[in-house]
Amino acid sequence: MSVLRRYLAALDAGSVEDVLACFAPGGEVVSPLYGTLPATTFYPALFADSAPSRTVLDRVYVDPDEPREVALAFHYDWTLADGTAAPFDVVDLVTLAGDRERIERLRICYDTAPLRASWERVSS
């Protein structure tokens with residue numbers, strides 16, 4: 001699952017180009033803050049709302065019946081664009097493309113309550 005490690009490294013780097021390289025054409029993101037968006041729309045918005053941030057991988061879970069379905073558990077030391085710390089633990093539910101080298105769909109799952117007010121203040 002090298003694409004998942006590349007994905008987290010791209011998040012850490014804040015690189016829209018590198019993150020999008022992890023997605024299949026037409027890739028989609030479902031976010032509790034931003035809604036359902038094409039990856040090409042979601043990541044520019046996320047990085048515009050962010051200062052440098054860091055991920056810490058916890059685990060990768062693979063569905064034994066469908067290896068294209070993966071859960072990626074990690075801690076995201078998210079920092080908002082105004083410098084506000086907004087860390088959270090997250091599970092991304094990932095559907096990989098047929099070759100398992102790109103992401104088709106990524107559903108982000110975490111509790112937004114502790115950071116929603118700060119995000120609404122700085123989101124573009």
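Author: Searching the whole structure turns up twelve aromatic pairs. Here, rings of Phe, Tyr and Trp (its six-membered ring) pair if their centres lie within 6.5 Å; planes under 30 degrees apart count as stacked, over 60 as edge-to-face and the rest as tilted. Take Y43 and F47: their ring centres are 6.2 Å apart and their planes meet at 45°, so this pair is tilted. Both belong to helix α3, and because they are four residues apart there, about one helical turn separates them. Helices (H or I, at least four residues) and strands (E, at least two) are DSSP runs, numbered from the N terminus. Y43 is buried, with a relative accessible area of 0%, and F47 is buried too, at 14%. Buried means under 20% relative accessible area, exposed over 50%, partly exposed in between (1.4 Å probe, protein chains only).

Please keep in mind that this is a predicted model: local features need pLDDT of at least 70, side-chain atom pairs count only at pLDDT 80 or more, and totals for chains, interfaces and linings use all residues. Residues are numbered from 1 along each chain as its sequence is written, and side-chain values use heavy atoms, leaving out hydrogens and water.

Now look at W78 and F88, an edge-to-face pair with 6.1 Å from centre to centre and 90° between the planes. W78 sits in strand β4 and F88 in strand β5, so the pair ties together parts ten residues apart in sequence. W78 counts as buried at 2% relative accessibility, as does F88 at 10%.

Finally, Y43 and F47 belong to one aromatic cluster with Y7, F23, Y34, F42 and W119.
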